[in-house]
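Here is a short report for a reader new to this structure. Take a look at the model first, then read on.

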Amino acid sequence: MSFKVAVAEAPYIITKPIHRSQWVIETLPDGSVILEIEVMINHEQEQVFFRYAVGIQILYPQSLVKRMKEKLQKAAEQYK
């Protein structure tokens, strides 16, 4: 699974990995990073990413991108 981490969160997530399999794929010009981890996607893993909802963008797999988008939209509707 790969994800982009915003510049503000990057130093924290690089020094305190989300998972032990985490590695840096690319550092972007703005300071954000593309990271990858090898995990089975489950509820607990999704919750980790929700903790960083503003600072992390899931890039792959597309099924998780879709699921995160749906859940975040549903959550946002609660605050209208």
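How many aromatic pairs does the structure hold? This predicted model has 2 of them.

## Phe3 and Phe49

Phe3 and Phe49 make an edge-to-face pair. Their centres are 5.1 Å apart, with 70 degrees between the planes. The pair joins distant parts of the chain: Phe3 belongs to strand β1 and Phe49 to helix α2, 46 residues apart.

Phe3 is buried, at 0% relative accessibility. Phe49 is buried too, at 1%.

## Tyr12 and Tyr52

Tyr12 and Tyr52 have ring centres 6.4 Å apart and planes at 45 degrees, so this pair is tilted. Tyr12 sits in helix α1, while Tyr52 lies in the loop between α2 and β4, 40 residues apart.

Tyr12 is partly exposed at 40% relative accessibility. Tyr52 has 14%, which is under the 20% cut-off, so Tyr52 counts as buried.

## The nonpolar core

In soluble globular proteins, nonpolar side chains tend to be buried together. Here the largest nonpolar core has 17 residues. Those with the most contacts inside it include Phe3, Phe49 and Ile58. Two or more residues each come from β1, α1, β3, α2, β4 and α3.

Ile58 touches both Phe3 and Phe49.

## Glu70

Glu70 is in helix α3, which covers residues 62-77. Glu70 is partly exposed, at 43% relative accessibility. Glu70 and Ile41 are 29 residues apart in sequence, and their C-alpha atoms are 16 Å apart.

Definitions and conventions. Residues numbered from 1 in each chain as written. Predicted model: local features only at pLDDT ≥ 70, side-chain atom pairs only at ≥ 80, totals over all residues. Heavy atoms only, no water. Helix = DSSP H or I, 4+ residues; strand = E, 2+ residues; numbered from the N terminus. Buried < 20%, exposed > 50% of the residue type's maximum accessible area, 1.4 Å probe, protein only. Core = buried A, V, L, I, M, F, W, Y, C linked by side-chain atoms within 4.5 Å. Contact = heavy atoms within 4.5 Å. Phe/Tyr/Trp six-rings, centres within 6.5 Å; stacked < 30°, edge-to-face > 60°. Lists of a residue's contacts leave out its neighbours within four places in sequence.
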